[in-house]
Amino acid sequence: MKVFYKGFVFFFMLTTIVLAKDQISRKTCQAYPVNSVAPKIDGKLDDPCWQKAPFQDSFVQIKPVENATPSQKTNFKVLYDKTNLYVGIVAYDTEPDKIESQISRRDQINSSDFLAVALDSYLDRRTAFVFGANPAGVKSDILISEDGNRQDESWDPIWEVKTSVTDSGWIVEMRIPFSQLRFAQKASHTWGFQVYRKIYRNQEEDMWQYIPRNAAGFVSYFGNLTGLEGIHSPKRVEFLPYAVSQLHLFQAEQGDPFATGRDFRFDFGLDGKIGITSDLTMDYTVNPDFGQVEADPSEVNLTAFETFFEEKRPFFIEGKNIFEFTLAMGDGDMSQEKIFYSRRIGRSPQYYPSADDGFNYDFIDMPEQTRILGAAKLSGKTSKGWSIGLLDAVTNAEKAVIDDQGCRQSVTVEPLTNFLVGRLQKDFDEGNTSIGGIVTATNRQINQDYLKFLNKSAYTGGIDFRHQWANKAYFVNFKLVGSHLIGDPKAITRVQESSARYFQRPDADHVKYDTTRTTLSGHGGTFGIGKVGNGNWRFAVGGLWRSPGLELNDVGFLRRADQIMQFLWIGYRLNNPIGIIRRADLNINQWQAWNFAGNQLFSGGNINGGIQFTNLWGFYTGINRQQEGYSPYLLRGGPLARYTGSWNFWLRGYSNQSKDYQFAVSVGIQRNDDAVSNSHQMRFSYSQKVNNRLKVEINPFYAFNRDNLQYVSRETFQNEDRYLFARLIQNTFGVVFRLNYSPTPNLSFQYYGQPFISAGKYNHFKRITNPRAKGNDRFQEFDAEQIVYDPQDETYYIDENRDGVTDYSISYPDFNFKEFRSNFVIRWEYQPGSTLFLVWTQSRNDFIGNGSFQAFSDFKQLFGSRPDNVFLIKLNYWLSM
């Protein structure tokens, strides 16, 4: 801990010494009113109204050479009337035949030249609405928040753009309705403003308002757009009703009345928006459907912790920046832990009917997901700098149907639940300072005794503070969170025993394991100070804590509680080319953590960095050292156990990103100090731009893992717990295919497929005898006389004391899991805001209880298995009032 406190004091003194007044030289662009006929959006800029406004130029190159003269000239002008903003941009090019123009789906512009305009209509210097297009007319619209730290590409406003390619370059003409923006009602406006251009073949980026490469912010550096007078944001009322039909074809099972091999469903619902004020919008959805959303990747999770999956449902993605409240700084697994994790809403039912609860049956029809009956969210930012977010969602009391010799019964497997999330944040001093808070409430209507393992109510809250100075180069931030659960003793006991805390550990003297309590509370926080811009050097120092009782998983995401952590980061950025190096960076990290009893859980550090060369090839690499420590999770409810240290090395190299073909290779190697455990990972990615409409990607990956201490089971012998482990040898192989074909910017064909194989074989079975000892003194390995495998019942029988009598047994743990997930989506935006989806989803699964890994044979077996096919047609229609 002394290292942390000394480092914190040193860096705090350093940052206070370099306080400086913010100084940003901003350009100004004037918007001119359309006093006659509005321009026709055709990508030509030949309407009379355009001739009345002068062109703006004076662009600056940002990459590859900062603050240099761009290789090509760019001009633009801005007009407006009472309801729309018009932007015309001319991108001159001395080699127009080299302009890259890829037709793709909206927001997937990554292999083209590009032009965009960004509007900070709040003028909060933190939020911007971005409207862009490539030469083929493909739209890209992004909502930027937190001064560029967050980007929401799911934001899809209704606006118009046309492009044209000429002998001297290409042109973009935009019409942006004020109804799609958020701004205060007043007579005269000044907005933050930026125009951006990317020249793909050179990987060159140019901007109208210069933003240093090492700047700590993005939106805060925008220039100003003036001259907007007499405009207003009209009341926005939008409806998006939908209808969907779905046919599910699967393998029929003889005698199972629920597995007939065919299931047809028809459904409908409604999405919409209502403009409450000029800067606050309510989004709502009734009976939403997300059948067109891509499936999660396959995995085999042998840990005690839940896997984090990214949100992919449009209603929850759009505007999610307002509701973000993460518990940690930076990247990595800990950054996934947050107060609000929207995938809790509509999750799979958490109860499965069992005989222990009196449910005896032959067959069951179990719902895969919990239906969302309705949800609404109010979000926006006021002219006074208040960011407001309020979300409420109600999920169905989901029921399974069980069949016992023809007698059927409905069983509630997920109770009716209400989720509430409220977020409020206030900016001061042009966004340099902010103070905010968040609250969540999860309330379940539990009427059945067997569902009392779920928390009846769960409440969480948090406050956050952030301050930046010296052109936002330096920062200090602080977050405080708390949680409070209410439920039956079964529910609170379940939380105490969860993998996040393991209160039942026999040596956990600093916590109280109480199976009669009906409430549980906890707290946590994060704090940091550092420098993130204005110069080549950057640093951050800080820490976090999570009390043993902190629990967020009813509507948030938390893997580990009972933890105090300190971290230190120092980085160097080389932004301008030197010789053959285009850019480079180097980072040094250090960390250590303890539980609330003072036991050191882990400590370590790494050095990582990367170089991109002037030929646009590059690499990233790093080496990581993790010292040995004590794990409260290794024995999964048993005492604290020592684990060995390890070294980890990784390298990723990639080719020129401006070519029609691109590839990258990644490798990772880990070696444990026990000289037995090790792992290797390799991933190869290749993408090919076949033509300006078709792009193909293939990403094979392989991983080998040997773990000398893989948890198997906990058994009881002579009234004592036995923690059983084995050496696991696991091979995993898979391939991700993606195909994107877009005949027009409004019509796309997308295919995603992932065959996945993972096989694990267990041997060298052992029991933990001295969990805090070093090396092999921690365990005793069973010999051939003590453990015998019976292939008839697939069980290992263990005679620990060698008296010829079985003391306990474990099931055969070897596995060979094979899965194929794919979906094919045709998406046609037949008019602005209205879309037709045609979707085909196929899945295949195969499991064999052996650890044999034979990739080609496994693939053959996988594709020889019977598939599940889902065919879906979804139509929505956008209406505006």
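Guide: Before we start, a residue is called buried when its relative accessible area is under 20%, exposed when that value is over 50%, and partly exposed in between. Please also keep in mind that this is a predicted model.

Visitor: Okay, so is L586 buried, exposed or partly exposed?

Guide: L586 has a relative accessible area of 44%, and because that value falls between the two cut-offs of 20% and 50%, L586 counts as partly exposed.

Visitor: And which strand does L586 lie in?

Guide: L586 lies in strand 30, a strand that covers residues 581–594 and supplies at least two residues of a nonpolar patch.

Visitor: Which residues form that nonpolar patch on the surface?

Guide: The patch is formed by W537, I570, L586, I588, I607, I623, W647, F649, L651 and I669, which together have about 900 Å² of accessible area.

Visitor: Which strand gives the most to it?

Guide: That is strand 35, which gives 3 residues to the nonpolar patch and spans residues 646–654.

Visitor: Changing topic, what order do the strands of the open sheet come in?

Guide: The open sheet is formed by 3 strands in the order 42-43-44, with antiparallel pairing. Its edge strands, each pairing on one side only, are strand 42 (787–790) and strand 44 (808–811). On average, neighbouring strands here are turned by 25° against each other, if direction is ignored.

Visitor: How many bridges join strand 42 to strand 43?

Guide: There are 4 bridges between strand 42 and strand 43, the latter made of residues 795–798, and the two strands run antiparallel.

Visitor: What stands opposite D790?

Guide: Opposite D790 stands T795, which belongs to strand 43.

How values were computed: Residues are numbered from 1 along each chain as its sequence is written. This is a predicted model: local features need pLDDT of at least 70, side-chain atom pairs count only at pLDDT 80 or more; totals for chains, interfaces and linings use all residues. Side-chain values use heavy atoms; hydrogens and water are left out. Patches are made of residues with over 30% relative accessible area and no salt bridge: like charges are joined within 9 Å, nonpolar side chains (Val, Leu, Ile, Met, Phe, Trp, Tyr) within 5 Å. Accessible areas come from the Shrake-Rupley method with a 1.4 Å probe; for residues, only the protein chains shown count as cover. A salt bridge is a side-chain nitrogen of Lys or Arg within 4 Å of a carboxyl oxygen of Asp or Glu. Buried means under 20% relative accessible area, exposed over 50%, partly exposed in between (1.4 Å probe, protein chains only). Two strands pair if DSSP finds at least two bridges between them. Axes are lines fitted to C-alpha atoms, for helices over the stretch in contact, and angles run from 0 to 180 degrees between N-to-C directions.
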